[in-house]
Structure formats: C-alpha cells, structure tokens
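Open the model in your viewer and keep the selection panel at hand. This tour goes from the whole chain to single residues, stop by stop.

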Amino acid sequence: MKSPLEFPRDVEKNAEKINAMEISEKSSIAAGEVQDDTAPKYTEEEYKKLKRKADRYLLPLMWLCYGIQQTDKTSIGTQATFGLSKDTGLVGQQYSWLTTIFYITYMCFEFPSNIILQRYLMGRTLSCYMLCWGVIVLGVGFAQNFTQLVTLRALQGLFECCISPGFILVVGSWYTTREHASRSLVFQSANAGFGIIANLILYGIGSVQYSRGAGFQAWRYMSYFLGGMTILTGCLCLFLLGTPSEVRWLSPEEKKIANARILSNNTGHDRTGIKKWKWKQARECLIDPCFWFAGINAFLNSVPNGGITAFGSIINTNAGFTNLQVILLDIPRNITSVLWFICIGIITSRKKNLRLYFMTVSVLPPIAGFIVMATLPNEPQYKWIKWAGFFITVPCVVALFLAWTLIPSNVAGRTKRTLTSSFTFVGYCVGNMVGSQIFTAKDAPRYIHGTIGCAVCFSIEFVLLIVWRVVLVMRNRRRDKQLREQGLTEEERVERGKQLGEQDYTDFENPYVS
C-alpha cells in the first residue's frame with residue numbers, strides 16, 4: 001500500500017469529489033475525536049452545544065471589531081468631504097498618500113504580526129493591537145497638517161494589519177471546514193452592516209456642521225467618536241476573544257471538546273505547530289499555484305477597493321450630490337451587501353464547493369459599474385445613473401472575502417498557512433496602494449483613468465478565478481483516483497487525515513485534507 005505522502009499534491013475540496021470522500025458536517029464532526037486512545041469520546045450533541053456557545057461569544061464580538069476596523073480605515077473618504085483636506089492644507093496627491101501610507105505599513109508589518117499571532121496568545125495580541133489603533137484614530141482628530149496626518153495613518157496601518165488574518169485564524173481554530181465560509185462571512189458582513197450604523201452616526205455629526213458652520217470641523221469629531229469606540233471595544237476583547245485554549249469562558253472539558261471537534265478538518269488544532277517555523281513548508285508555498293492565485297486575486301480585487309475607499313465619496317459629490325447625501329446613499333449599498341453576504345453564507349453552509357462560483361459571479365457587475373462611471377459626464381441628468389454604476393460595484397468584495405476563507409479550509413501546515421495568509425494580505429495591501437494612486441488630482445473631477453483601471457482589474461480577476469477552479473478540479477480528480485486505489489474505508493481515511501493534520505503536515509503531504 002502506498003504511503004499517503006506519495007500522493008499528488010492536492011489542495012481544495014471540490015464538487016467533483018467522489019461520494020466516498022464527501023463526509024457530511026454531521027459525520028465529520030462526530031468523527032473528530034482526539035487521536036489518543038485514552039481520550040474521551042464526545043457525542044454529536046456535545047459538539048453542537050460547544051458550537052452554539054462559540055457562536056454566541058465570538059460572532060457578535062468579531063462582527064463588532066471588524067466593523068469598527070473597516071469604518072476606522074475607510075472613514076477618511078467621508079472626512080475628506082467635510083473639509084479634512086482644506087483644514088489641514090493638503091495639496092496635490094497628499095490626500096492619496098494618506099491611504100497609500102496606511103497600506104504600506106499594513107503590508108510591511110503583516111508578516112511580523114502573523115508571526116506574533118503564531119507565537120503568543122492570539123486573543124490578547126489582537127486586543128492590544130486594537131487598543132493601539134483606537135488611540136491613533138482618536139489622534140487623527142487633533143492633526144493640523146499633512147505630516148501629522150501621514151504619520152498617524154502610517155501607525156494606524158501598523159496596528160490594524162493583524163485583524164483580518166487574525167480573525168481568519170480564530171475561525172480556523174474553532175470551526176470545521178464546512179463552517180469556515182459562513183462564520184467568516186458573518187464578521188466580514190460587518191464591512192457593510194456596521195457601516196449602516198456608522199453612516200447614520202457620521203451623518204448626525206456632519207449635520208451639526210451645517211447648523212454651526214464650517215468652523216465646527218465635523219471630521220475631527222468623527223475621529224473622536226470612532227477612536228473612543230475602538231478603545232472601548234478593545235477592552236472588551238481582552239476578556240472574550242481568543243482560541244479555544246486561551247479563552248476563559250470555556251471549562252477545561254469544553255476546551256477538549258473544541259480541539260477534538262476541529263481535528264476532523266485534518267489541519268490540526270489551535271496549538272498545532274504553534275512555535276516551530278518549518279522552512280520546508282515555506283518552500284512548498286513557492287511551488288503551489290494556489291498560493292500565487294490567492295495573492296494575485298487579492299491584488300486585483302484590492303485595486304478598485306483602494307480607489308473606492310479613498311475617492312468614492314469624492315466622485316459622488318463631484319457628480320452632484322452633497323456630502324450628507326453621499327453618506328445616506330451609502331446605506332442602500334451597505335444593506336445590499338449584507339443581504340448578499342447572508343445569502344452566500346446560508347448557501348455555502350448547506351452546499352459544498354460553491355465559493356469559487358460566487359467569487360466569479362461577484363466580479364461581473366462591478367465591471368459594468370466602473371464602465372458607467374468612466375463614460376458618463378458629471379451633468380445633473382446623469383448623476384443618478386452614475387450612482388447606479390457605483391451601486392452595482394457592491395458585490396466586488398465577495399471575491400476577496402471568500403478567498404480568505406479558503407485558507408483555513410484548504411491550507412494545512414501552520415507555517416504554510418501563515419505564509420499564504422500573509423501573501424494574500426500583501427496582495428491586498430499593494431492593490432489598495434495602487435488603487436489610491438491611480439486616481440490622480442489632474443484627472444479630477446471624473447477620474448476616468450482610475451475608473452477604467454478598476455474595470456480592467458475586475459476583468460482580469462474574472463479570468464483568474466476560472467483558471468483557479470479548473471486547476472483545483474483537475475487536482476482533486478487525480479487525488480480521488482489514487483485514494484480509490486488505496487482501498488481504505490472511509491473511517492480509515494478520516495483517521496489517517498486527523499493524525500497527519502495533528503502532526504502539522506501540509507495539504508501536499510496530507511491527501512486527506514478536504
């Protein structure tokens with residue numbers, strides 16, 4: 001009989017898997033006991049009870065944290081329409097650099113932060129980072145010039161860089177493969193869901209400027225509010241956020257159940273490979289096409305994201321809307337985004353192997369939207385049509401968010417998973433940097449070159465996603481053929497997969513990763 005390590009290097013589970021490898025969520029959880037023969041056996045009801053408890057504690061907290069982080073990061077666009085540039089004397093491309101510098105430090109400290117998350121208590125580390133960036137956001141409200149603003153934005157990128165990869169790792173340490181997409185989409189939906197709440201509050205702050213005059217400088221009070229809220233939430237995270245082995249709200253027995261439950265992922269548990277760096281796994285990333293697909297996809301998706309974040313509000317005010325109207329008009333976009341996320345979360349939790357399909361479909365409307373924005377002039381009769389083009393760019397983030405959920409689901413080996421996560425977010429950062437710079441001051445007020453560039457990026461991403469899925473389908477077909485030749489029972493395959501996962505084997509080395 002062949003050793004499992006001799007099998008082809010395959011990564012993702014897909015719809016083409018044979019029935020023998022299609023283990024339902026129920027059976028995969030029930031099979032997820034610890035490998036030690038002396039370890040206790042847990043019932044399906046115990047697993048479900050643990051999952052419900054994790055949902056109650058973690059999902060609302062991560063939703064709040066992620067929503068605050070996204071609002072802190074993107075509020076610069078709204079603040080710009082309330083006089084930030086004028087009050088601080090910004091000229092030329094200086095406003096663009098406030099976004100670019102954020103992502104430069106975000107990228108530079110992404111990898112070190114992932115190492116810190118791997119080596120130290122994840123929940124405590126994430127909480128400390130959040131407290132630090134809360135102080136920075138608060139400080140933005142006191143800035144007087146470009147030097148102060150660019151310094152604060154650089155520090156903000158440094159401290160915010162770990163939140164997204166950290167949350168992905170937290171999800172991977174608590175939930176089974178089938179649950180990764182739906183749970184990740186819960187907190188990622190805060191990108192729009194919390195945005196609704198934040199927009200209403202920012203609208204209220206902005207309205208005061210209309211009653212008191214420009215001397216009120218509403219953008220400063222927006223920073224005071226956001227910074228204070230971030231600090232309070234960071235304090236809450238100190239007591240509630242973490243992996244199963246860290247949190248205080250689980251009993252010792254519940255911690256054992258949590259770790260046993262995720263062993264069925266065949267990628268280990270929250271302590272697997274926690275301190276040892278494996279260069280063999282790092283080299284494996286370089287020859288894994290899916291590693292490169294993840295990073296390139298993040299880059300292509302983030303170029304438009306960087307443009308929308310920094311210039312979306314400005315483009316809409318240039319089209320003929322007031323700054324308060326722009327805030328309100330962002331609410332329908334956020335509501336649509338939340339509904340789309342809920343739809344995807346429900347479907348992917350019930351049916352397997354649909355993530356890449358949703359990713360591919362979600363980049364098509366934004367292509368049309370950016371073309372509309374680029375081709376129509378800024379005249380009163382076209383402003384609602386241009387806003388409609390802006391509106392249909394809503395689904396674009398799905399292709400990035402769902403790609404993130406593929407990491408804990410399909411990449412095994414702690415070092416390889418850390419590197420894949422880091423490379424993905426490097427692509428995310430570089431894309432946002434490029435996106436903020438292709439909208440140049442000389443192209444105002446229509447920013448034609450920038451909007452066309454965004455449409456091109458989505459077109460290339462559409463092709464890449466198709467190729468990505470084709471590669472994965474072909475891999476899994478080859479793997480399934482060799483697994484059938486092994487002649488093992490389903491139970492034996494599950495057992496071997498758990499053993500290799502707990503020993504920190506990669507998805508290339510462990511053919512049972514599903």
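**The whole chain**

Start with a cartoon view. The chain holds 22 helices and zero strands. Keep in mind that this is a predicted model. Now colour by accessibility: of the 514 residues, 61% are buried. Look at contacts next. Of those with a separation of 6 or more, 84% join residues 24 or more positions apart.

**Aromatic pairs**

Show the side chains of Phe, Tyr and Trp. The model has 33 aromatic pairs. Select Tyr66 and Phe187. Their ring centres are 5.2 Å apart and their planes meet at 65°; over 60 degrees counts as edge-to-face, so this pair is edge-to-face. Tyr66 belongs to helix H2 (residues 44-80) and Phe187 to helix H9 (residues 177-188). The two are 121 residues apart, and the pair links distant parts of the chain. Tyr66 and Phe187 are both buried.

Move to Phe293 and Trp468. This aromatic pair is tilted, with 5.8 Å from centre to centre and 40° between the planes. Phe293 is in helix H14 (residues 289-319) and Trp468 is in helix H21 (residues 448-486), so the pair ties together parts 175 residues apart in sequence. Check the accessibility of each partner. Phe293 has 14% relative accessibility and counts as buried. Trp468 is buried too, with a relative accessible area of 4%.

**Charges over rings**

Select Arg333, in helix H15 (residues 323-350). What lies under Arg333? The ring of Phe390: Arg333 lies over its face, 4.2 Å from the ring centre. Show the backbone of Phe390 as well. Its oxygen lies 3.4 Å from a polar atom of the Arg333 side chain. Leaving out residues up to four places away in sequence, Arg333 touches Phe390, Phe391, Thr393 and Val394. Is Arg333 buried or exposed? Its relative accessible area is 11%, under the 20% limit, so Arg333 is buried.

Then select Lys383 and Phe321. Lys383 lies over the face of the Phe321 ring, at 4.8 Å from the ring centre.

**Cysteines**

Display the cysteine sulfurs. How many disulfides are there? The count is zero. Cys128 is in no disulfide, and its nearest cysteine sulfur, that of Cys132, is 6.9 Å away. A disulfide needs sulfur atoms within 2.5 Å. Cys128 counts as partly exposed, at 38% relative accessibility. Go on to Cys396. This residue is in no disulfide either; the nearest cysteine sulfur belongs to Cys454, 9.2 Å away. Cys396 is buried, at a relative accessible area of 5%.

**Helix H21 and its ends**

How far apart are they? The distance is 58 Å. At 1.5 Å a residue, the 39 residues of H21 should span 57 Å, which agrees.

Step just past H21 to Gly487. There phi is positive, about 80°. Now go to the loop between helix H20 (414-437) and H21, where Pro445 lies. Select Ala444 together with Pro445. The peptide bond joining them is cis, with omega about 5°.

Most residues other than glycine have a negative phi, and most peptide bonds are trans.

Select Gln217. It is not a glycine, yet its phi is positive, about 50°. Gln217 is in the loop between helix H10 (190-212) and helix H11 (218-240). With a relative accessible area of 22%, Gln217 is partly exposed.

Finish at Asn353. Asn353 also has a positive phi, about 65°, although it is not a glycine. The loop that holds Asn353 runs between H15 and helix H16 (355-362). Is Asn353 buried or exposed? Asn353 is buried, with a relative accessible area of 11%.

Technical notes
Residues numbered from 1 in each chain as written. Predicted model: local features only at pLDDT ≥ 70, side-chain atom pairs only at ≥ 80, totals over all residues. Heavy atoms only, no water. Phe/Tyr/Trp six-rings, centres within 6.5 Å; stacked < 30°, edge-to-face > 60°. Helix = DSSP H or I, 4+ residues; strand = E, 2+ residues; numbered from the N terminus. Buried < 20%, exposed > 50% of the residue type's maximum accessible area, 1.4 Å probe, protein only. Lys NZ or Arg CZ within 6 Å of the ring centre and 35° of its normal. Polar contact = N/O pair within 3.5 Å; in protein donor to acceptor, adjacent residues only side chain to side chain. Contact = heavy atoms within 4.5 Å. Expected span 1.5 Å × (residues − 1).
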